[in-house]
Amino acid sequence: MYASCADNIRQDKAILTKALHVGLDYICQSNWAQIPDGRHEIDKNNYVMISTYIVEPPENRRLEAHKQYIDIQFIIDGEEEIGYADSSRAGMLQEQIVERDLYFYDSVDKEIYLKMTAGSYAVFYPWDIHRPNCQSIPGSKVRKAVVKVLYTNDENFQTE
């Protein structure tokens with residue numbers, strides 16, 4: 001897991017893998033007011049899901065992970081908390097929706113929460129469990145982009 005803000009993307013690209021650059025560039029170059037909620041293709045391997053929702057108490061949100069994609073979760077408007085733990089601390093796999101690259105867990109040990117505000121982003125790798133869309137302020141409305149970057153074990157996952 002890695003967290004930062006959009007103001008630092010240029011510097012972050014120096015330490016993050018090249019494969020993540022497509023997602024970071026998309027965040028920097030997008031006019032969010034003109035992009036509707038929904039799924040949008042970035043290129044043949046990567047896409048973004050944009051959604052607007054009301055945050056919920058953490059106990060109402062599920063722990064999730066992905067095996068094929070890395071998430072770059074970028075807060076466009078509002079604020080939320082995202083729970084996080086290493087997958088080695090995950091409990092039992094509760095449900096898997098393989099065709100959506102979505103794996104839900106029943107529990108996690110030593111979960112920490114990131115407070116995410118407009119302009120901040122967090123990167124969740126396949127070895128990270130996360131609990132998104134949690135309230136920091138009850139009833140808050142959030143608009144978020146989740147850039148899905150295809151994970152492969154090749155040279156694109158090296159830093160420059």
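**Whole chain**

Start with everything selected. The model is a predicted one. Colour by secondary structure: the protein chain has two helices and twelve strands. Trace the elements from the N terminus and the order is β-α-α-β-β-β-β-β-β-β-β-β-β-β. The radius of gyration is 15 Å, close to the 15 Å that the globule rule gives for 160 residues, so the chain is as compact as a globular protein of that length. Along its principal axes, the C-alpha trace spans about 35 × 35 × 30 Å.

Now show contacts. Among those between residues at least 6 apart in sequence, 79% join residues at least 24 apart.

Switch to the surface. The protein chain exposes about 8,300 Å². Carbon and sulfur atoms supply 46% of that area. Of the 160 residues, 46% are buried.

**The largest nonpolar core**

Hide the surface and select Leu20, Trp32, Ile72 and Tyr121. They belong to the largest nonpolar core, a set of 21 residues, and touch the most other members. Which elements give two or more residues to this core? Select helix H2 (18–29), strand E3 (47–54), strand E5 (69–77), strand E10 (120–124) and strand E12. Keep H2 highlighted: five residues come from it, the largest share of this core.

In soluble globular proteins, nonpolar side chains tend to be buried together.

**A separate core**

Next, pick Ile75, Tyr84, Leu114 and Ala122. These are among the ten residues of another core, which lies apart from the largest one.

**Lys144**

Finish on strand E12, residues 141–150, and centre the view on Lys144 within it. Is this lysine buried or exposed? Lys144 counts as buried, because its relative accessibility is 3% and the cut-off for buried is under 20%.

Display side chains around Lys144 and look for its polar partners. One is Asn133: a polar contact of 2.9 Å joins its side chain to that of Lys144. Another is Tyr53, where the side-chain polar contact with Lys144 is 3.4 Å.

Then widen the selection to the residues that Lys144 touches, leaving out those up to four places away in sequence. Step through them in groups:

- Met49, Ile50, Ser51 and Tyr53 are among the residues touched by Lys144.
- Gln73, Phe74, Ile75 and Ile76 are also in contact with Lys144.
- Glu80, Ile82, Pro132 and Asn133 belong to the list too.

Note on methods
Residues numbered from 1 in each chain as written. Predicted model: local features only at pLDDT ≥ 70, side-chain atom pairs only at ≥ 80, totals over all residues. Heavy atoms only, no water. Helix = DSSP H or I, 4+ residues; strand = E, 2+ residues; numbered from the N terminus. Buried < 20%, exposed > 50% of the residue type's maximum accessible area, 1.4 Å probe, protein only. Polar contact = N/O pair within 3.5 Å; in protein donor to acceptor, adjacent residues only side chain to side chain. Contact = heavy atoms within 4.5 Å. Core = buried A, V, L, I, M, F, W, Y, C linked by side-chain atoms within 4.5 Å. Rg over C-alpha atoms; globule rule 2.2 N^0.38 Å. Areas by Shrake-Rupley, 256 points an atom, 1.4 Å probe, with all protein chains shown as cover.
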